[in-house]
Amino acid sequence: MKKLERSLNLTSVIAISIGGMLGSGIFVLPGIAAAKTGSSIWLAYLLAAVCILPAALSKSELATAMPSSGGTYLYIERAFGPIFGTIAGIGLWLSLLLKSAFALVGFGAYLSVLAKMPIGVTKYVAIFFLGLILLLNIFGVKKVGRVQIVIVSISLITLAMVLVFGLPTVDPELLDPFYSDGAMGLISTVAFVYISYAGVTKVAAIAGEIKNPSKNLPRAMILSLFIMTLIYVSVAFALVGNIPMEQLATDLHPIYTIAAINGGSYIGYIVAIIGVITLISMANSGVLAASRFPFAMAMDKLLPEFMGKIHSKYLTPVSSIILTCITMALVILFLDVVKIAKLASAFMVMMFISVNICVVILRETSAQWYNPTYKSPLYPFVQIFGIVSGIVLLIFLGFIPLLAILTIVLLGYLIYLKIGKKTARTGILRKYGHRPALYLLYNKNRNNKREPLDLSKINNSVLDGKIASEAGVVIPLFGNENSPEMLLEIGAALNKKEVTQAVNITEVPNQTFLDAVMEDNPKIHSLARRISGLARARKVKIDFEAVVTHDLSETIQELSEQTHSDWMVMGWNARAHKGILVRNPIGWFVDHVNSDFALFRDNGVRYISKVVMALRPGRKDKNFVAIADRVCMFYKASLTLLHVVNEETSDAEMASIEASSIALLRKASSPSNVIVKRAKNPIESISVTSAEYDLLIIGTTEKGNWQNVLFGKNKDRFADSSACSVLRLTVKD
């Protein structure tokens, strides 16, 4: 099967993104939003754009890491797991259908201008046209996309003409008062109009079709957001400056009203026709997008199977489309326009908060398969702002939207327990979450028994598929090491037994079948050849295997248990592992692997002849000296024991430290010496000293705190500042 070509350029992506935002947010919403805050409605649109920017940046990053995953629903499922995937799917479905229902209500309002019908009848007219949309989607009418581009273009031209004739006629007296309900009214209005920008991230779902997505996707989102913000702010300003507030506050067709005021009744009718076409088109595309979520969730076994069936003739998900349209009809009939808009905004805010959290989880856990080509700038400040601002907006939306969100969370959880619990997928948070997160979100049973590692998943065409059960050291390889050979040398240097076990582990998302990535891999062949050469040159025994897995951490733990190893040795980028609710895999391994643990930061040193060991007070010096001496004997290197003390340390104390250190080194077989030095900044002092050595050995980093998590101070500062390679040791009690 031929792979789909990337065909969408930057202009096309911007057009799609603008099309996702253009509709009820400007044709219907400004009037009822102005009733909440007065002439400051334009400022509310501006602030809403600022609040949604983090989600746009975060979703750009997620989309370039998972370009064909299908959007927000699967991003959340991969980060949080199927429970939250179920909740997110329902939330996104409701948000889209509520927005579409709101567009149909507006459609009825514009149609009432042309048909001269009572405003109370518009709901039933909207239901009739919803029925037509239902049939259109079931029969799968094609080429709607091209018509939509034409409609978007006509709508933009119409809005541009509204500005050309509306801005010069702004009446300053109509702009007073600026705030009708103070700052609180403004913030609640920001939350209210939030839904207007929801379509900005719509293009993320088609990232796989975009040319150069790492550049074009974020550019398209930001540019389209800027363009639509300019349009929304300008049109809102023109509306409050031309239409008296008492009239605008109840106006569901404000674009028609301003056109009729400035251009006369015939111009008003033309604009009303354009409004009708635009809103019915947006409602149709909304039904198309919303109906995909129940269908996708059924395919993922999170909803009943019948929701995932497609019509044999029309090849459309009939059950999903019917459910979506019936729900929309109930919304139109029984909810007023303000409640529809509030609920749509609330569900979208919740989803965008989740998108920002997804980026934090995937970045902090360093999931092996998560490798975005575009990364959101100013991480994690942008995401923190998006999360905090979203929570504030949810609060200001009021009690009913919050109650609706809690209801959806409960409903999603119950659906998962009834239907989705059978799925074997787990989220990144469950794999690497700290105990508070796991008990809070998953009620994790810490005594659950794992099945033995499935060695049938090893690529037998390259290897024999047997793990050396008596290996003294296990070395997982992930494919991102600077030099696998150097890491294996360090492992062999630590090994007191005969065999060193190296395992190349490839972690794939749960949505990918393992068999799909188990074909012969030239890189594995190359690695096996190089490791064989290293074993011969160093005269050590190294067994090499390759494993494909869905769960990196559990696989490594099983390897540790099956080999009865003394050491687990891994490559390292100097990141610390502590966090409040999430941590990267290294933190998980330290807590769960039964053996001693060594992390090697490869700074490019290839010949080790001088080793320096710097330990913090309170370490088990005898154990560490014995380990360092073993490494030095392997490399035929010298050992220096370094103590950095504060400037207030007396000469007598320094002499005592030196004497005790010399006593420790008496049992060392390699050439050794002691250095005790005063320093105001121990990190800087060790960094300067490390320039004279080839390998720095240190103990486990100090515990992290909330500031490290929030502000990205997640590096081991001693390792990060070292001029030579670093070996960090964690010795179990």
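Select Pro380, which lies in the loop between helix 16 and helix 17; helices here are DSSP runs of H or I with at least four residues, strands are E runs of at least two, and both are numbered from the N terminus. A cis peptide bond joins Tyr379 and Pro380, with omega at about 0 degrees. The model is predicted: local features need pLDDT of at least 70, side-chain atom pairs count only at pLDDT 80 or more, and totals for chains, interfaces and linings use all residues. Residues are numbered from 1 along each chain as its sequence is written, and side-chain values use heavy atoms, with hydrogens and water left out.

Stay in this loop and select Leu378. Its phi is near 55 degrees, a positive value in a residue other than glycine. Leu378 is exposed, with a relative accessible area of 63%; exposed means over 50%, buried under 20%, and partly exposed in between, for a 1.4 Å probe and protein chains only.

Next, go to the loop between helix 8 (144-166) and helix 9, where Pro177 lies. Asp176 and Pro177 are joined by a cis peptide bond, with omega of about 5 degrees.

Continue into helix 9, residues 182-193. At 1.5 Å a residue, its 12 residues should span 16 Å, and the end C-alpha atoms are 17 Å apart, which agrees; the expected span is 1.5 Å times one less than the number of residues. Its buried residues include Gly185, Leu186, Phe192 and Val193. Show helix 3 (29-37), helix 4 (41-65), helix 16 (337-365) and helix 17 (381-397) as well, since the buried residues of helix 9 pack against them, with contact meaning heavy atoms within 4.5 Å.

Now select helix 6 (residues 82-115) and helix 18 (residues 399-418), whose axes come within 8 Å and cross at roughly 130 degrees. Axes are lines fitted to C-alpha atoms, for helices over the stretch in contact, and angles run from 0 to 180 degrees between N-to-C directions. Among the residues that meet are Pro82, Ile87 and Leu94 in helix 6, and Ile408, Gly412 and Tyr416 in helix 18.

Move on to Lys636, in the loop between helix 25 (621-635) and strand 7 (638-645). Lys636 has a positive phi of about 55 degrees although it is not a glycine, and is exposed, with a relative accessible area of 75%.

Finally, select Cys632 and Cys724. Cys632 is buried, with a relative accessible area of 0%; Cys724 is also buried, at 1%. The structure holds zero disulfides, a disulfide being a pair of cysteine sulfur atoms within 2.5 Å.
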